[in-house]
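Colleague: I would like to go through the side-chain contacts. Please give the cut-offs as we go.

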Amino acid sequence: AYFPTFSYSRHLNLLEQCGRYTSVFSLGQTLEGRELECVQVGTGDNVGWIIHRQHPGEHMAEFFAEGLLTRLLGLDSNGDTDGLV
């Protein structure tokens, strides 16, 4: 592997943490039967998608998503984003 792996259990833990502060729902299932999750952050007319972990070997993208969601939702500070987000 080119990058350290982001385990599936860590992925599930991240989704569990996100679910405490925002909506997490399934978009469907993979061929292996795993859920394709969506973490919805914020409201409004403007919509942006951040897609990651769509191909094998793209573990670094999930590390980015973990950092982004941690900041957007204040996962490391009990939901406090310091008014910056």
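Modeller: A charge sits over a ring if NZ of Lys or CZ of Arg is within 6 Å of the ring centre and within 35 degrees of the ring normal. This is a predicted model: local features need pLDDT of at least 70, side-chain atom pairs count only at pLDDT 80 or more, and totals for chains, interfaces and linings use all residues. Residues are numbered from 1 along each chain as its sequence is written, and side-chain values use heavy atoms, without hydrogens and water.

Colleague: Which residue lies over the face of Tyr 8?

Modeller: The ring is that of Tyr 8, and the distance from its centre is 4.0 Å. The residue over that face is Arg 34.

Colleague: How many salt bridges does the structure hold?

Modeller: A salt bridge needs a side-chain nitrogen of Lys or Arg within 4 Å of a carboxyl oxygen of Asp or Glu. Glu 66 meets Arg 10 at 2.8 Å, N to O. Glu 16 meets Arg 20 at 3.7 Å, N to O. The count is two.

Colleague: How many residues apart in sequence are the parts that Glu 66 and Arg 10 tie together?

Modeller: Helices (H or I, at least four residues) and strands (E, at least two) are DSSP runs, numbered from the N terminus. Glu 66 lies in helix α2 and Arg 10 in helix α1. So the pair ties together parts whose separation in sequence is 56 residues.

Colleague: Is Glu 66 buried or exposed?

Modeller: Buried means under 20% relative accessible area, exposed over 50%, partly exposed in between (1.4 Å probe, protein chains only). Arg 10 has 34% and is partly exposed. Glu 66 has 18%, so Glu 66 is buried.

Colleague: What is the angle between the planes of Phe 6 and Phe 63?

Modeller: Rings of Phe, Tyr and Trp (its six-membered ring) pair if their centres lie within 6.5 Å; planes under 30 degrees apart count as stacked, over 60 as edge-to-face and the rest as tilted. By this rule there is one aromatic pair. Phe 6 and Phe 63 are edge-to-face, at 4.9 Å centre to centre, and the angle between their planes is 80°.

Colleague: Which is buried, Phe 6 or Phe 63?

Modeller: Phe 63 has a relative accessible area of 27%, so Phe 63 is partly exposed. At 1% relative accessibility, the buried residue is Phe 6.
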